[in-house]
Amino acid sequence: MVFAVAALLLGGCATSGQQADPTDPLEGLNRGLYGFNDGLDSALIGPIARAYVAVTPEPVRIGVTNFFANAAYPGVILNDLLQGKFEQAVEDTGHFLINSTLGIFGLIDLATPLGMGRHKEDFGQTLGVWGAGEGAYLVLPVLGPNSMRDAPGIAVGAYTDVVWYVAESSVLWPLLILKAVDTRARLDAAIKLRERSAIDPYVFTREAYRQHRTHLIYDGNPPLEDFDELEEQSAKLGKL
Amino acid sequence: MNLRLYIRLALAIFLLLPMSVAGAGAGPRAPVQALHGTLLEVMHDAKSLGFAGRRERLAPVVHQGFDMPYITRLVAGAHWKKMSAEQRARLIDIFSQLTVATYAGRFDRYAGEEFAILAERELKKGRRLIRSRLTDSVGKDIRLDYVLHRTDGGWRIVNVVANGISDLSLKRADYTIVLRDGGFGALVGKLEKILADYTGTINQ
């Protein structure tokens with residue numbers, strides 16, 4: 001596995017074009033991995049996700065989404081606390097307890113209609129709140145867009161996700177696969193939009209990822225782009 | 001004498017007041033509400049309208065509600081200055097068509113979606129931010145924030161930010177690389193292809 005990844009990274013090196021974006025120093029490698037992920041998605045993960053959507057009734061799919069969201073909720077609570085959002089941590093604890101019990105292992109989201117909103121917090125956001133910059137953009141094999149700042153959050157996320165504590169591997173693996181299929185199915189609309197409207201899907205994904213992460217770090221109120229600066233840039237002659 | 005003058009003045013002010021309000025044009029919410037209303041309409045009638053019908057219905061709303069020349073200029077960034085007047089007009093035209101086609105392609109069914117305007121905020125230089133939300137049938141929210149500015153023709157949308165993803169910066173990043181590497185011809189070629197794909201695949 002490690003060799004396969006190394007080979008991919010090298011492959012990415014070989015196919016890299018000219019470097020342009022200073023915030024994407026690994027663009028060559030990233031593009032290689034992006035291509036690999038894209039191939040994997042068109043050949044395998046995408047068709048599986050579409051088949052899943054086709055054969056599974058919507059209420060069941062919503063239950064599956066709810067279940068995985070709830071199982072990951074201890075991570076949300078932990079990061080609430082790390083970010084100093086104590087009231088939100090209390091609310092999210094209530095959310096987790098209600099949905100895990102009355103909501104039957106999280107399959108039904110009873111807490112949100114009760115006014116305990118669904119929050120999105122993870123360790124990458126916590127690092128962002130603490131002031132860490134995004135660091136280099138990363139494309140991870142299979143997992144896709146990420147960054148130096150967000151990547152450590154994958155481990156934190158796994159440690160605080162109930163699913164990963166399932167000891168029986170004959171249950172764990174199907175669950176993890178279902179989680180991946182659910183995630184991919186939810187991304188389908190965004191991926192279709194990208195397929196249709198992006199000229200350079202790699203750049204499109206990178207920018208969308210960065211902006212969405214900033215949006216999450218600022219809890220939905222990120223600073224808006226500076227239109228005055230944008231106007232200025234369009235008013236001066238570009239350097240080529 | 002004086003009293004009569006006052007009454008006349010008061011009457012004049014009273015009569016002119018609504019006119020001056022109307023003269024100021026519709027508020028910044030108007031283009032957003034028009035867009036949302038029309039999107040709901042085309043979603044309701046998505047099947048009978050088809051892609052072409054939805055596009056036809058949306059085109060005037062997008063053309064009136066968005067400041068397309070301004071958006072195109074910002075998306076082109078530093079490359080704008082180098083374009084001739086014809087090239088700029090061509091880019092504005094194709095960019096407007098793309099915006100309409102994207103809406104017509106994306107809003108192709110109705111499953112109980114609802115739009116709600118949440119708040120309005122003043123930005124620098126008189127720009128306005130309108131926060132809104134699109135809730136789908138399962139109660140999942142998409143945050144849609146609109147940045148508007150005032151033109152001679154009234155308020156116009158200059159950016160749409162969906163769940164924090166700014167359409168303007170996304171396109172700017174995507175398109176300026178093509179402009180840098182292949183110039184104006186390459187960008188127009190790519191955009192025409194995207195437009196043709198939209199029309200082609202969705203019409204089937």
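User: At what angle do helix H2 and H10 of chain A pack, and how far apart are their axes?

Analyst: A packing angle compares the directions of two helix axes, which run from N to C. In this predicted model, helix H2 (residues 27-55) of chain A packs on H10(A) at an angle of about 105 degrees, with the axes 11 Å apart. Because angles of 65 to 115 degrees count as roughly perpendicular, H2(A) is roughly perpendicular to H10(A).

User: Which residues of H2(A) and H10(A) meet?

Analyst: From H2(A) come A:Glu27, A:Asn30, A:Arg31 and A:Tyr34, and they meet A:Pro201, A:Tyr202, A:Val203, A:Thr205 and A:Arg206 of H10(A). Sorted by class, this contact holds 4 nonpolar, 2 polar and 3 charged residues.

User: How should I read the interface, and what area do chain A and chain B bury between them?

Analyst: Buried area is the accessible area that two parts lose on being put together, summed over both. For chain A and chain B the value is about 3500 Å², with 60% of it on carbon and sulfur atoms. On the side of chain A, A:Arg196, A:Ile199 and A:Phe227 supply 20% of the area that this chain buries against chain B, more than any other three residues. The contact takes 33 residues from chain A and 46 residues from chain B.

User: How many salt bridges are there between chain A and chain B?

Analyst: A salt bridge pairs a side-chain nitrogen of Lys or Arg with a carboxyl oxygen of Asp or Glu within 4 Å. The count here is 5, and one of them joins the side chains of A:Glu231 and B:Arg127, at 3.3 Å from N to O. The residues on the side of chain A that touches chain B divide into 14 nonpolar, 10 polar and 9 charged.

How values were computed
Residues are numbered from 1 along each chain as its sequence is written. Chains are lettered from A and ligands numbered from 1 in the order in which they are written. This is a predicted model: local features need pLDDT of at least 70, side-chain atom pairs count only at pLDDT 80 or more; totals for chains, interfaces and linings use all residues. Side-chain values use heavy atoms; hydrogens and water are left out. Contact means heavy atoms within 4.5 Å. Buried area is the accessible area (1.4 Å probe) that two parts lose on being put together, summed over both. Ala, Val, Leu, Ile, Met, Phe, Trp, Tyr, Cys and Pro count as nonpolar, Asp, Glu, Lys and Arg as charged, and the others, Gly among them, as polar. Axes are lines fitted to C-alpha atoms, for helices over the stretch in contact, and angles run from 0 to 180 degrees between N-to-C directions. Helices (H or I, at least four residues) and strands (E, at least two) are DSSP runs, numbered from the N terminus. Angles under 35 degrees count as roughly parallel, over 145 as roughly antiparallel, 65 to 115 as roughly perpendicular and the rest as oblique.
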